[in-house]
Amino acid sequence: MNPYDFVPVNWDRSPIRKPASPHDRFSGVSGKIEGVITAETPVFIFNSPKRMSGAEPFITNQQGQHIIPGSSLKGLFRSLVETVGNGCFLFYDGVYEDEDGNKNIDYTNELPKDFGKCETINLCIACRMFGAMHSSDMLSLGHVSFNDAVEVNICEHEAIYTIALMGPKPRHDAFYLDPEQWIAGRKFYFHQPTGIKRSHTKTKTRYNEHITPINTGSQFAFSLQFTNLETLELKTLLYALDLEQDMRHKIGYGKPAGLGSVHFDIKRLTLIDYANRYVTNQGVTEYKGEALADYLSGQTRIFTDNTTSPTLKALRRIWRWDPSDTTAYHYPDRDWFDKNPDTSISETQ
Ligand SMILES: [Zn+2]
């Protein structure tokens with residue numbers, strides 16, 4: 001089975017756009033979320049710059065602690081909010097390489113116009129929450145900021161050579177375009193709980209990496225701040241973080257090889273009512289334990305109770321976490337593509 005699938009978009013429902021809430025006065029909800037990220041498979045994130053020889057180490061901060069950079073977390077949650085909140089396609093440029101490495105495949109017109117990157121101050125939910133630029137203009141600074149998640153406990157893993165991580169290029173239209181010939185959606189990778197794939201030849205090529213991941217069981221403390229979020233924005237952020245009981249996130253390098261499955265566990269949520277705070281010295285509400293669980297399930301219900309959205313159904317299916325799942329994932333080989341030019345991704349499963 002192919003290691004990824006697409007989460008479809010309802011093309012009949014364009015992103016709802018409006019100006020972001022202001023930064024110069026308090027409105028909406030502000031606060032802080034803290035919790036723990038646990039690796040459920042080995043995970044790897046590159047340090048930069050890359051080394052020229054030997055295994056690449058996992059990224060560390062100036063104190064030498066392993067971290068998951070705030071920028072990686074922001075990227076993950078921006079794309080999830082785009083997906084579940086029906087935002088724009090920020091990173092879509094529609095131009096792909098063909099088999100010879102030339103940028104000859106143009107799907108620019110295969111994304112409905114309304115779903116392109118926001119370009120005015122009327123912004124989709126993801127651009128309002130995470131910020132948006134157009135050319136050199138700052139359209140919104142964003143209202144959510146992630147700190148680097150810092151190691152709490154690191155389980156070591158030996159250095160490995162990954163398998164070749166080149167997927168099929170989009171020459172195979174039946175994979176990348178839906179029957180209406182729009183793009184098939186956003187790409188998400190399946191979890192591979194029973195083991196990562198490594199190269200047996202123990203050599204570094206153009207297509208793989210020699211890396212030292214951290215092992216299953218490693219933990220990081222994460223935190224993020226938000227200001228002036230509207231109710232729906234907060235609900236969407238909380239769902240993106242909490243997901244559902246039998247779902248996990250994927251982060252970092254080597255997703256097709258089975259790396260990067262992590263569990264986000266929210267431990268504390270602090271809501272701050274700034275308007276109230278200055279008058280009465282109150283207005284701070286803290287949720288932990290059972291009260292937090294109740295609050296989260298109430299806030300995320302608009303997503304968890306939705307059993308009909310094709311987008312949510314696909315995300316649940318692809319990011320389902322079942323520790324005993326032994327499905328073998330691999331890219332179909334070239335020969336298969338040559339023989340099955342019209343077969344879509346769902347028919348390969
Ligand atoms: Zn947008």
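**Exercise 1. Find which elements the buried residues of helix α7 pack against, and which face of the helix they line.**

Solution. This is a predicted model, where local features need pLDDT of at least 70, side-chain atom pairs count only at pLDDT 80 or more, and totals for chains, interfaces and linings use all residues. Numbering runs from 1 along each chain as its sequence is written.

- Step 1: Helix α7 spans residues 310-318, and its buried residues are Thr311, Ala314 and Leu315. Buried means 20 or more other C-beta atoms, placed from the backbone, within 10 Å of the residue's own; exposed means 12 or fewer, and partly exposed lies in between. Helices are DSSP runs of H or I with at least four residues, strands are E runs of at least two, and both are numbered from the N terminus.
- Step 2: Looking down the axis of α7, the buried residues fall within an arc of 100 degrees, so they line one face of the helix. The arc is taken over directions from the helix axis to the C-beta atoms.
- Step 3: These residues pack against β1 (4-7), α1 (70-85) and β11 (186-189).

**Exercise 2. Decide whether Asp322 is buried or exposed, and find what it touches.**

Solution. 

- Step 1: Asp322 has 12 other C-beta atoms within 10 Å, so Asp322 is exposed.
- Step 2: Leaving out residues up to four places away in sequence, Asp322 touches Pro193 and Asp246. A contact needs C-beta atoms, placed from the backbone, within 7 Å.
- Step 3: For Asp322 and Asp242, 80 residues apart along the chain, the C-alpha separation is 17 Å.

Conventions:
Contact = placed C-beta atoms within 7 Å.
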